[in-house]
Every structure is written in C-alpha cells, then in structure tokens.
Amino acid sequence: MFLRALAIRSPFSTKATEAAVTSTSTPGLARFNTSTDSAALAVLHEVCASSAWGSKLLAQRPYATAEDLFAASDAALAELDVKDLQEAMAGHPPIGRPKPGDPTSAREQRGMAGASEALKAELLELNLAYQEKFGHVFLICATGATGEQMRDAVKTRIGNTSEEEREIVRTELGKINRIRLTRLVEEDKD
C-alpha cells in the first residue's frame, strides 16, 4: 500500500492543504473526498438530513478508509441534540409509504412491497399513533426487515418513554447511515 497526497480545501479557509490518503480507497470514497464542498454536502444530505451531522463529516475530509468515514459518522451522530435528530428524522418517509420516485426509500422499505392490505392498514394506524405520541415519524432500519417485523417493532416501541425512544432512534439512524455510506463509498461510477 502506498500513500498519495490529496489537496483539500477547508470550508473555513481558501488555502488548500495536503492530507495523506491511502491508495486502497474505493472509487466512491475517492470521489467523495475530492468533490467540492457543496457536492459532498448534497451527497451527505441524501444519507442523513441532519445538517449538523453533514457539516461534521464534511469538516473531516479526506477519509483514508471507509472505516474512518463510518467512525466519523458514528461520532457525529452521538453528538446530535434533539433538534438535530428531529431534522434527521424529517428526511425519512413513514414505513409503508416510501417517497414516490425515490429508489433509496423504495429499496430500504422493500419488506413492505408484498405486504397485505390489512398489514399496510395496520401499519398506517400504528404509524399515526406513534407520531401522535412522539411527534415524529417512526424510524427503523427497514433494510432486510419484513412488514410483520416492522409492525411488531412499532407495537413494541410505542410503549417507550420519549428518552428511550430517542436513543433507539439514534441507533436506528446509525444503522441507516452506515448502509447508505457503504453504498456511497462502494459506488464505481465515473
């Protein structure tokens, strides 16, 4: 493995600095590291709607490895306050109702694709009750989960306190961010 220097520009300075980046970075990670600040922020916003989270990740570029990016994501997520978490959750559609035309939303909620109308109606009712209690969308890492598993999770979590639920949401958001960041760094498009 060899190191190469990567010229980067801080959002707080017009002067470029150099940072070592290993040659083992994936094409997606290299593209993310070298993209403009505005392009990188736009990509990060697609991963997580929290502007605080995105700004923290942007400020730490370049990342030598995907694991470095994941660690920075986890650290930034741990620092989010209630307002930041609400902003992050606002970027997620309700379970069972993916954003029209959004392939990420559809892919992540694939477990609902074959759900019966009765299950979809039950989940809608549970989602509304959850939103009424907590004031935000029910957030779960739905990738790989069936409609029944998601329904059961809402039923269980609706009994939580706001504080308990906030920490569960933080954990679920971390899982979602990790999956989305993995897709970002593994993309091999020019």
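Predicted model: local features only at pLDDT ≥ 70, side-chain atom pairs only at ≥ 80, totals over all residues.
**View 1. Glu117 and Lys120 pair up within helix 7.** The two side chains form a salt bridge, with N to O at 3.8 Å. Both residues belong to helix 7 (residues 117–134) and sit three residues apart, about one turn of the helix.

**View 2. Glu122 and Arg151 meet in a salt bridge.** Here the N to O distance is 3.6 Å. Glu122 is in helix 7 and Arg151 in helix 8 (residues 147–157), so this pair ties together parts 29 residues apart in sequence. Glu122 is partly exposed at 28% relative accessibility. Arg151 comes in at 17%, and because buried means under 20%, that residue counts as buried.

**View 3. Asp74 and Arg178 form a salt bridge between their side chains.** The N to O distance for this pair is 2.7 Å. Distant parts of the chain are linked here: Asp74 lies in helix 4 (residues 66–78) and Arg178 in helix 9 (residues 162–186), 104 residues apart. Asp74 is partly exposed, with a relative accessible area of 36%. Arg178 is partly exposed as well, at 29% relative accessibility.

Note on methods:
Residues numbered from 1 in each chain as written. Heavy atoms only, no water. Salt bridge = Lys/Arg side-chain N within 4 Å of Asp/Glu carboxyl O. Helix = DSSP H or I, 4+ residues; strand = E, 2+ residues; numbered from the N terminus. Buried < 20%, exposed > 50% of the residue type's maximum accessible area, 1.4 Å probe, protein only.
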